[in-house]
Every structure is written in C-alpha cells, then in structure tokens.
Amino acid sequence: MRYLPLSADDRAQMLDVIGAKSIDDLFVDVPAAARRSGTVDLPAHAGELEVERELAALAAKNTAAGSVPFFCGAGAYKHHVPATVDHIIQRSEFLTSYTPYQPEIAQGTLQVLFEFQTQVANLTGMDVANASMYDGSTATGEAVLMAARVTRRKKAVLSPGLHPHYAGTTETLAHAVGIETVTLGAKVDAEADVIAAIDADTACVVVQTPNVFGTATDVTKIAEAAHAAGALVIVVVTEVMSLGLLKDPGSMGADIVAAEGQSIGNALNFGGPYVGLFAAKEKLTRQMPGRLCGETVDAEGRRGFVLTLSTREQHIRRDKATSNICTNSGLCSLAFTIHMSLLGEKGLRQVAAINHANARKLKDALSSVKGVEVLTPRFFNEFAVRLPKPAAGVVEALAKKGVLGGVPFSRLDPKAGLDDVLLVTATEVTTDADINEFKSKLAEVLS
Amino acid sequence: MSMVNVGRPTRPEGSTTETRPATLTGGRGLLQDEALIFELGGWDKTGVDLPAPALDASDLGDLVRKDPIGLPGLSEPEAMRHFVRLSQKNHAIDLALYPLGSCTMKHNPRLNEKMARLPGFSDVHPLQPQSTVQGAIELMDRLAHWLKTLTGMPAVALSPKAGANGELCGLLAIHAAHDAKGDTARRVVLVPTSAHGTNPATAAFVGYSVREIAQTEDGRVDLKDLEAKLGPDVAAIMVTNPNTCGLFERDIMEISRLAHAAGAYFYCDGANFNAIVGRVRPGDLGVDAMHINLHKTFSTPHGGGGPGAGPVVLSEALAPFAPAPWVVSGADGYKLVEFEEAEAADAFGRMCAFHGQMGMYVRALSYMMSHGADGLKQVAEDAVLNANYIKARLQGVMSPAFPEGPCMHEALFDDSWLEGTGVTTLDFAKAMIDEGFHPMTMYFPLVVHGAMLIEPTETESKFELDRFCDALLALAGAAKGGDTERFKGAPFYAPLRRLDETRAARQPKLRWTSEPGANLAAE
C-alpha cells in the first residue's frame with residue numbers, strides 16, 4: 001500500500017522490540033464483543049489510476065461553472081483566481097503544517113495570519129480581525145453570540161435581506177443558548193425595518209449589505225438607532241469583492257463585521273471550504289471568538305508573531321471560552337491573503353468596478369426580456385428579478401439549454417412567497433457573449 | 001589558449017571555529033528576513049492585469065467608497081518570493097515527523113489534491129440546479145456510505161465544518177432528541193478531566209453546564225464516579241475513545257450502558273479514530289454520536305490550521321434530528337433535502353450555509369478508496385504499532401504516564417524523569433526543534449504532569465522512527481547530564497529564538513499600522 005512505509009519485516013522487528021507476539025496483543029483493551037475478524041464490508045485498496053478514473057467519472061457528471069454561461073451567486077461567487085495562488089497554497093510548508101502552536105518553526109503561517117488580519121481589518125474598516133472562521137454563516141452566528149455576551153442581552157434582530165442560510169445558521173447557534181431571534185420576512189430593500197424592532201432587550205441587529213437580493217444599503221442610520229438603544233450593529237457581507245467599490249462597514253457604524261471571504265482566492269467548491277472573516281472594534285477584542293495572531297519579539301529582540309490572547313479560547317478556558325472553535329480556515333485565509341496581495345488596492349478597486357459594470361450590462365439585457373422586472377434598486381454585482389413564472393422551473397429549463405441562469409429565491413427560502421424571484425450575478429468572468437446567450441435563452445424559456 | 005588555473009578555492013579554508021558571527025542583515029543563508037506586505041508593497045501597484053470597466057458606478061452615488069483602503073499590491077514575482085520565503089519558516093509533515101498527539105499529522109497524498117481540483121468538483125456552485133451536480137451529490141453519498149460502514153453507524157451528518165463544529169452538531173442532535181421526548185430537564189454534560197478543551201467548550205456553547213468525571217490511576221474513566229454523577233439532569237456524556245492518554249477505554253461498553261440506563265446519550269469524540277479505523281466500529285461500542293475529523297484520520301491537509309471537516313455519525317435514536325441538508329437517493333437520482341421537510345422533517349436546523357466542506361469530502365474519499373477496507377485496517381495497526389514502538393524505545397529513559405499495557409496510536413510521557421535536571425517539558429520540546437523535529441503535544445492532557453503526548457501516525461518508516469527515538473534519547477541524556485543551557489536557550493537553530501508570548505498578550509498588536517514617518521496617507 002503506497003502510503004504505508006512499514007514492511008512485513010519492519011513490523012516483525014518492531015513487535016519484537018515491544019515484546020508483543022502479534023498486532024492483536026496491542027488491541028487487547030478492545031472489549032471482546034467489539035473485536036472483529038477480517039475487514040469491514042468495503043472495497044479493497046485501489047491504485048492511483050483506478051481512483052482517478054472513478055472520481056473523474058463522478059466529476060464529469062457535474063456541469064462546471066466555467067464550462068457554460070454562468071450567473072449564480074447568493075453567497076458563493078465565481079471569480080478569477082491568479083495561478084500563483086493555487087501554486088503557493090500547495091507548497092508543502094503551507095499545505096502540510098499544523099496550527100502554529102510552536103511559533104519558532106511556524107513563522108511562515110503566523111506572518112501570513114498577521115497580514116491576513118490586517119487586510120481584513122482595513123478592508124472592513126474595523127480595528128481588529130481574527131485569523132478566520134469556518135465561513136461567513138458561522139461567523140455571523142458567532143457575532144450574534146458575541147454581541148449577547150457584550151451587551152448581556154438576549155435578542156437579535158435579523159434584517160429582511162439576510163441570506164436565509166445565514167439566518168438559519170444563526171438561529172441554530174442562538175437558540176441553543178437561549179438567544180431570541182427576530183426575523184422580519186424576506187424583502188428586497190428594507191434593511192431599515194430592523195429599527196422598529198429594536199427594544200431594550202436587543203443585543204444586536206444583523207444587517208447584510210449587499211443583501212441576498214443584491215441591494216446595497218448605507219447602514220449609518222440603522223447603526224445610529226441601534227447604538228441609541230444600546231445594541232450592537234453586526235454587518236454581514238457575503239460578497240467581499242463588493243468592498244472594493246462600496247463603503248466599508250466600519251465607516252457606517254458597524255461594531256462587528258461577519259463576512260464570507262471566498263470570493264478572494266477561493267474556488268466555488270460546491271459550497272466549501274470557504275473562509276469566514278470576523279472583524280470588530282478594538283474594545284470588543286477580548287470577546288472575539290477564534291484565533292488571534294499578534295506581533296512580539298524573540299529572545300534576541302527580532303520581530304516575530306505568535307497566537308495570542310488565547311485565554312479566550314477552548315484549549316485554555318474550556319467551558320468558559322468565548323467559542324468552541326479550534327481548527328478554522330487556515331489555508332483558505334492564505335489563499336485570500338495571496339490573492340489580495342496580488343490585487344492590492346488598485347486591482348481590487350478595478351476588479352470590483354468590472355463586476356459592477358458587468359452586472360449593469362446584465363441588468364440592461366435582462367430588463368429587455370418580456371415579462372422580466374428588475375427588483376433591486378442599487379446593486380454591486382447581483383440583483384433580483386421577478387419572472388412571469390416560478391423561477392425554479394425557469395432555471396431548470398435554462399440548465400437544459402446550457403445556461404446556469406442564477407439562483408431561484410425559493411431554493412433558499414421556499415416559504416417566503418417569492419417563487420417568481422430569481423437572483424442573478426455577473427462578475428469579471430462574465431462576458432458579453434455569456435450575457436447575450438442568457439438573454440436569448442431566457443426569452444425562449446419565458447415565451 | 002590556456003586555462004587560468006588561479007580560480008576560486010574549492011576546499012574550505014580559514015576558521016572552522018564553532019562560534020559563528022551574527023549576520024549583518026538578519027538573513028541567514030537560505031532563510032531570508034522577510035518584511036510584511038505592508039512594508040514591501042506599493043499602494044498603487046498590482047499583480048493582476050485587468051481591462052478598464054465598461055461602465056462606471058455613478059448609479060451608486062454616496063455608497064461608493066472614496067478613502068484609501070490600505071491594501072498594498074505586489075507584482076507577481078514579488079508575491080511569489082514573499083510567500084515562498086515565508087513558507088521556508090514553517091515545519092511541515094512533508095519535511096519531517098510531526099508528532100503532535102491528538103492531531104494525527106499523517107502524510108497528505110497529492111492525488112487527493114488533484115481530485116479536489118477537478119473542475120467538476122471545484123468549479124461547481126452549491127446552488128446550481130441539482131440536476132447539474134448529480135456527481136457531486138453522489139460523491140457525498142459515497143463518502144457517507146464509507147463513514148457509516150467504517151463506524152457501524154446508521155446515519156451521518158456531513159455538513160459540520162471541523163471537529164468542534166461536529167461536537168456542536170452532535171450535542172444539538174442530542175438536545176433535540178431529549179426535547180422531542182419532552183425531557184427538557186437535562187442540563188448537564190459529563191466530561192472526563194482528560195478531555196479536549198473543545199468538549200467542555202462545546203457543551204457550554206449549547207447552554208449545558210459541565211460536570212467533570214474523574215480518572216482512574218490507569219488513565220481511564222472512573223466508572224464509580226461516572227455512575228455517581230449520572231442522573232436525571234444529565235443529557236449526555238462526552239468521552240474520547242481511544243482517550244487523550246492514548247488508551248482504549250476498556251470499560252467503554254459499560255460506560256455506554258450506564259449512560260443509556262440513566263437516559264443520557266453517549267457522545268464520542270472521534271479525534272482519535274485513526275487508532276481503530278477498519279478494526280473497531282464505534283457503533284459496536286454503544287456510541288450515539290461521534291464526529292470524524294477528516295483532516296486527521298482521512299488525511300485531508302491541516303493547511304496551517306484548517307480547513308477541516310467534521311462529519312458526525314449518528315445512532316438510530318439521533319438520526320432523525322440530523323441537520324439539513326440530507327442526501328437521499330431514489331429513482332430520479334440523488335437529491336439534497338435542504339429544509340426541515342420530507343425525510344428531514346425533524347432536522348434541528350442548519351449548521352452552516354450550503355452543504356459543508358465538499359473539497360474535503362473529495363480528498364477524504366480519494367484517500368479511503370486508495371486504502372480500501374484492507375488498507376484502512378492496516379492504517380490503524382501501523383499507527384498503533386508505531387506508537388508502541390516509540391514507547392518501548394523511550395521508556396527506559398523517559399517515564400511513560402501509564403507504563404502498564406499497550407498504548408494505542410499515541411504514547412504519553414510525564415515529566416517525572418526530568419526531575420532535578422532543571423529542564424522542563426517546554427525546554428525539552430524547544431530543544432527538539434534544534435534537532436529538526438517538531439515537538440510533541442505538550443502539557444496536554446491536563447491530568448498528567450508536564451505531559452508529552454507523541455503521535456507518530458502510520459506514515460512514518462522505521463528509519464524515521466529510529467531517527468526520532470535516537471534524537472530524543474540523546475536529548476534525554478544531555479538533560480540528565482546537566483547540559484541545561486542546550487534546553488534553556490533553545491531553539492538556537494530555528495528561524496527565530498523563543499518568542500515572548502507574555503508581551504504579545506499584554507501589549508496586543510494584532511494588525512500592522514504605519515510607523516511615524518511612513519504613514520498611509522502620505523502615499
């Protein structure tokens with residue numbers, strides 16, 4: 001077996017050193033009733049060629065985004081990732097290292113984390129960012145728990161444009177610890193509705209911009225209202241590329257930002273692994289979940305980096321920790337940092353502008369199709385349209401015609417009564433030819 | 001034409017003294033002193049070439065950001081060099097043994113990376129029509145089949161994102177199961193003192209209070225104490241098996257019987273599944289829920305701290321409460337049930353957006369198929385053999401915490417053998433770095449003084465194990481021989497000397513900020 005270095009001879013010699021007669025002697029503590037003879041009922045080992053053949057056959061049954069005109073978003077986005085990114089993240093020293101618990105021999109990972117934290121803090125307009133969460137949805141849930149710890153209040157108000165999966169994840173986490181969540185019913189452009197729901201028990205409002213319908217919102221007034229009531233403001237961003245064009249959450253009054261970082265450096269991967277971004281005001285640092293990397297010096301006074309403030313974390317504080325998170329999204333945050341370093345501010349602004357321009361073109365094209373109504377008033381790279389029939393069927397029909405034409409809102413929330421709403425996205429990879437193809441196929445399907 | 005025969009010297013000349021001069025620049029041979037991107041990059045520089053946008057953003061008015069963001073750019077060669085230089089300051093399993101107990105640092109086959117990058121897996125959107133991702137859902141179903149068969153459990157929730165997220169999923173299923181029976185008075189989770197920190201943290205995360213179970217002198221759960229602490233207020237017990245002392249819980253079936261008799265569920269922390277995969281099925285031990293770290297047992301890379309994946313296998317009693325999405329198959333092919341409806345009507349909710357860590361599923365399945373049922377059994381056997389070999393080779397000099405009987409996949413030592421040497425577990429670990437090895441897990445589990453937990457995994461050859469044991473024995477000899485400076489000052493040969501963690505915590509500096517005279521606004 002190609003991954004196992006021991007030979008039969010090695011095994012015999014080692015058993016001899018141990019003083020055991022057979023390998024079974026080392027498993028004597030297993031209760032007799034649970035001992036098994038033979039192997040479990042699964043196929044025997046396979047060579048690299050066979051495995052590759054079998055998995056490639058499965059992969060071939062899927063329609064890759066890059067192989068067709070593609071317009072899906074809603075929390076996961078297809079962007080172009082420079083070849084350099086995937087090369088570097090496959091370097092052994094990054095790919096096959098553990099969490100940097102021995103900082104003297106993990107400065108590579110640690111310095112990248114420090115760069116990552118700075119990039120995320122600057123991008124979101126916040127003071128501090130952690131070393132990543134699993135994804136945007138779990139970051140949002142953790143942000144709500146953190147707000148409840150900080151304010152000692154037990155209610156979270158979720159905005160009408162919060163991604164339904166984010167709302168679901170947040171509800172799972174919040175309800176487990178007795179935090180009430182208030183939902184306001186899905187609406188295209190009504191983030192400010194949260195204001196009316198704020199009361200003296202409200203720990204936080206959770207507002208997404210651009211929201212799941214693509215609507216961009218200035219949250220300044222919402223933040224003022226929340227702060228006046230002693231509540232925190234959590235701004236959720238599922239399309240982090242938007243921050244290359246739109247105002248940062250920090251400048252609009254956010255206390256905590258929970259975002260999905262997949263768009264920078266990471267592939268679609270059918271939904272994971274992604275990288276949760278988590279940033280906050282400095283005064284909240286000690287209530288943050290997850291790992292933090294900080295600067296220090298070594299015994300000779302040279303600059304170095306370590307994991308720090310770990311008295312917040314599970315391996316030190318156990319049941320008093322701020323979160324149970326341990327493993328996070330290390331390699332995905334490395335991909336984020338490499339891609340962001342290549343883009344720089346200049347590249348980020350430009351690629352964001354291209355996203356927006358392509359979405360405007362898409363809007364013009366789709367609004368010219370009979371029966372299609374654009375619903376989103378202000379958008380970055382995605383928007384909602386109303387179709388004259390249920391969107392799920394339209395998307396299926398489009399797929400049969402070779403176009404992946406967006407996400408029906410009913411796929412995210414079948415009970416919202418928005419079955420005729422379709423969410424569509426354009427990014428820098430979208431071409432004019434893609435848009436024309438979408439437009440003509442949509443017209444065919446709707447006619 | 002004649003050759004110039006006064007060329008460069010080809011033999012070492014000059015001093016061969018052991019003291020080396022400090023370098024003048026901070027660089028040391030192949031190790032570069034590398035600045036931060038914020039010091040290297042340009043505020044107006046980019047490493048990507050993009051066309052001009054066809055339309056402007058005038059439609060967005062005041063929503064458009066105007067101030068500088070503070071993100072430096074690097075050209076491609078600069079970026080490549082920056083990150084490659086940084087990479088060379090990391091230890092990695094591809095370089096040498098990485099014997100972190102409880103972490104299972106095994107070889108990461110590159111076939112898995114190649115498979116995960118097939119466009120049919122990596123370039124598919126989680127919300128494409130299900131008809132266009134039948135192969136992806138089928139892959140999830142196959143992975144589920146392997147996990148269920150290997151554990152002897154009837155159901156699995158794939159979506160948890162890592163081990164701790166899996167623990168959360170398991171406890172939420174347990175919570176939902178008690179609720180469904182109207183049994184809402186159970187507010188306590190029992191956890192042994194030797195447990196991973198995530199166990200009590202997760203229990204608290206779900207709103208339970210934690211009660212600790214004592215340990216016997218031979219490193220196992222104290223059955224008497226367990227029995228005394230079980231009661232109508234206990235929702236679950238969380239027990240790691242093999243446990244964090246590297247030992248199989250001999251009384252595991254009695255533990256599960258006692259828990260069930262008291263109306264509690266048995267959550268097993270599956271972090272150490274590598275010791276028994278293919279040989280012992282947790283389902284045969286009375287387990288109700290167990291997470292599987294795909295990034296441990298099934299070789300998906302740790303990546304410097306993730307991403308992981310933590311699917312949770314569930315018993316019949318807990319299966320109905322598994323979170324959405326569920327994978328089901330029928331005449332129309334494979335289907336993801338994404339809401340609390342149909343088959344998943346009793347699901348407790350959702351753990352995360354979308355369907356979990358697909359990229360990790362592909363890698364793990366590729367690994368499982370490569371090993372097969374026979375290879376996976378051999379994995380467990382070789383992992384256990386390697387750990388026992390290390391224990392046997394070191395036990396004459398270092399002190400095993402539990403000398404009686406075999407260990408499983410990791411060998412645990414305490415620091416009693418260092419008594420009187422002035423060398424601590426931390427010093428010893430740092431000296432290992434100088435010898436080219438990553439230290440073992442230190443000071444965990446908490447029940448053993450100055451613990452050193454060594455997990456070699458099955459992917460080490462006998463040659464490497466001997467090299468490792470020889471190094472530890474030599475270091476032990478130095479410690480006992482009074483060569484304390486070697487330990488107190490260690491590491492000497494790492495990219496950095498010992499780091500001041502106290503300073504980092506007392507004066508937290510968590511992001512780069514421009515120094516006076518080089519501020520952002522001036523750019």
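Author: Let's start with β1 (residues 128-129) of chain A, which pairs with β7(A) in the antiparallel sense over 2 bridges. One caution: this is a predicted model.

Reader: What makes β1(A) and β7(A) count as a pair?

Author: Two strands pair when DSSP finds at least two bridges between them. β1(A) and β7(A) have 2 bridges, so they meet that cut-off. You can pick out A:Ala129 opposite A:Ala279 in β7(A).

Reader: Why is β7(A) called largely enclosed?

Author: Because 5 of the 5 residues in β7 (residues 276-280) of chain A are buried, the rest of the structure largely encloses the strand. To be called buried, a residue needs 20 or more other C-beta atoms within 10 Å of its own.

Reader: Which residues cover each of the faces of β7(A)?

Author: On one side you have A:Gly276, A:Phe278 and A:Ala280, and on the other A:Leu277 and A:Ala279. They are all buried, so both faces are covered.

Reader: How many residues of β8(A) are buried?

Author: In β8 (residues 292-297) of chain A, 5 of the 6 residues are buried, and the strand is described as mostly covered. Its antiparallel pairing with β9 (residues 303-308) of chain A has 6 bridges; A:Gly294, for one, has A:Val306 as its bridge partner in β9(A). The hairpin these strands make has 5 residues between them, and A:Gly301 there takes a positive phi near 85°.

Reader: Moving up a level, how do you know which residues of chain A belong to domain 1 and which to domain 2?

Author: The bounds come from an automatic or database domain assignment. Domain 1 takes 66-81 + 345-446, while domain 2 takes 83-339. Over C-alpha atoms, the centres of these domains of chain A are 27 Å apart. As for touching, 30 residues of domain 1 are in contact with 29 residues of domain 2 in chain A. α11(A) gives the largest share of the domain 1 side, 7 residues, and that side holds 18 nonpolar, 7 polar and 5 charged residues.

Reader: And how many residues are in contact between the domains of chain B?

Author: In chain B, 18 residues of domain 1 are in contact with 20 residues of domain 2. The domain 1 side there has 7 nonpolar, 9 polar and 2 charged residues. Domain 1 covers 112-368 and domain 2 covers 379-495, with C-alpha centres 31 Å apart.

Reader: How many residues of chain B are in contact with chain A?

Author: 173 residues of chain B are in contact with 164 residues of chain A. On the chain B side, α10 (residues 358-394) brings the largest share, 22 residues. The classes there are 90 nonpolar, 51 polar and 32 charged.

Reader: Which residues touch the most other members of the largest nonpolar core?

Author: That core has 321 residues, and A:Val144, A:Val205, A:Val233, A:Ile234 and B:Leu314 touch the most other members. Its largest share, 21 residues, comes from α10(B). Look at A:Val205: leaving out residues up to four places away in sequence, its contacts include A:Val157, A:Ile198, A:Ile222, A:Val233 and A:Ile234.

Terms used. Residues numbered from 1 in each chain as written. Chains lettered and ligands numbered in written order. Predicted model: local features only at pLDDT ≥ 70, side-chain atom pairs only at ≥ 80, totals over all residues. Contact = placed C-beta atoms within 7 Å. Helix = DSSP H or I, 4+ residues; strand = E, 2+ residues; numbered from the N terminus. Nonpolar A, V, L, I, M, F, W, Y, C, P; charged D, E, K, R; others polar. Buried ≥ 20, exposed ≤ 12 C-beta atoms within 10 Å, placed from the backbone. Core = buried A, V, L, I, M, F, W, Y, C linked by C-beta atoms within 7 Å.
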